[in-house]
Amino acid sequence: MSLDVVFLTGISGSGKSVAINALEDAGYFCVDNLPPELLRGLITLELARPEPQRRRVAVAVDVRSAQSLPSLMPILAELKAEGVRVKSVFLDASTDALVRRFSETRRPHPLLQANQPTRPFVGIPPMPDQMDEQLAYQDQALIDTINLERELLEPLREVSAVIDTSLLRPAQLRTWVRNVVQAEPSRLTLVFESFAYKQGVPMDADFVFDVRMLPNPYYLKELRPLTGRDQPVIDYLRQQPEAAEMIDQIETFLLRWLPTLEGDQRSYVTVALGCTGGQHRSVYCVEQLVERFVKRGVALARHREQDARG
């Protein structure tokens, strides 16, 4: 039974349209906003095709199917038990980023009722303070709706590979999605992600390690414009006993708990390492850890700040 299925979901405004387009470009047959009760029928049709004609399938489901969402978990479990290779990807973003995106696109959140009452203005035209009050009221209604959506989708988030799109450009998101779905589905995938603390901790992190106490190449003029993937920076940090000890200890911690995570049916674990600018120390540590763990299974590298510049 050879069939690859990517199940794509996430918070409204987090970039599902960008992700589904990336999967379509990668050769997947994509269906957007499929009601969950039709998922089983779609998979049955694909399995009925002769082996050479079967397509890789990507299905996007969001909160517009809220009433049917509880049925998704059993369906996904059944498909995996039947040998269908299922990957679940969940896109998330900070509330501030989501509010900003809805404001920029002027699109309503799918959970907001079209006929939701607005607070009436007193006088025509409204005074500036009345406009501020109306906008504040609308923003709070949107925030409350986003919080409700998080509650509804939390069970799906728990079993998915999570990508925090708060600071990602569309091109960066497309790359990260393709990397996730190309990983071996039957093994635990370790995602090592570097980030800058000044930009905030990634929402998709399962474990976070702070490497800001390591010697900082930024203070060496010749290393400042480079990154943790450049050989001069690599050579410098390899000479620092603290850096080697930090990487050894993170490796030891993960090796201790990986069997437990695998036994918990986890498919993806994201390990985030942060430094001040996300340029030197965290990037170096991520690359070193990927090199160590790729020998033991699937290990992916992400560099949030560096990938955004590339």
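The lining of the second largest pocket has, by class, 7 nonpolar, 7 polar and 7 charged residues. The model is a predicted one. In this pocket lies about 640 Å³ of space. Its lining is made up of 21 residues, and those nearest the pocket centre are Gly13, Ser14, Gly15, Ser17 and Arg107. Helix H1 (16-25), helix H4 (95-105) and helix H6 (170-182) are the elements that each give two or more residues to this lining.

Next comes the packing of helices. Two packed helices are described by the angle between their axes and the distance between the axes. For helix H8 (residues 241-263) and helix H9 (residues 281-293), the axes cross at roughly 45° and come within 10 Å. H8 is therefore oblique to H9. The crossing of H8 past H9 is right-handed. On the H8 side, the contact is formed by Ala243, Ile247, Asp248, Ile250, Glu251, Leu254, Leu255 and Leu258, which meet Tyr284, Cys285, Gln288, Leu289, Arg292 and Phe293 of H9. By class, the residues of this contact between H8 and H9 are 10 nonpolar, 1 polar and 3 charged.

H9 also packs with helix H7 (residues 231-238), at an angle of about 85° and with the axes 11 Å apart. Because angles of 65 to 115 degrees count as roughly perpendicular, H7 is described as roughly perpendicular to H9. Ile234, Leu237 and Arg238 of H7 make this contact with Arg281, Tyr284 and Gln288 of H9. The contact of H7 with H9 comprises 3 nonpolar, 1 polar and 2 charged residues.

Conventions. Residues are numbered from 1 along each chain as its sequence is written. This is a predicted model: local features need pLDDT of at least 70, side-chain atom pairs count only at pLDDT 80 or more; totals for chains, interfaces and linings use all residues. Side-chain values use heavy atoms; hydrogens and water are left out. Axes are lines fitted to C-alpha atoms, for helices over the stretch in contact, and angles run from 0 to 180 degrees between N-to-C directions. Helices (H or I, at least four residues) and strands (E, at least two) are DSSP runs, numbered from the N terminus. Angles under 35 degrees count as roughly parallel, over 145 as roughly antiparallel, 65 to 115 as roughly perpendicular and the rest as oblique. A crossing is left-handed if the near helix is turned anticlockwise from the far one by less than a right angle, and right-handed if clockwise. Contact means heavy atoms within 4.5 Å. Ala, Val, Leu, Ile, Met, Phe, Trp, Tyr, Cys and Pro count as nonpolar, Asp, Glu, Lys and Arg as charged, and the others, Gly among them, as polar. On a 1 Å grid over the protein atoms alone, a cavity is a set of points where a 1.4 Å probe fits but cannot get out, and a pocket is an open set with protein on both sides within 12 Å along at least five of seven lines; lining residues have an atom within 4 Å of a point. Grid points are joined across faces, edges and corners, and a volume is the space filled by probe spheres set on the points.
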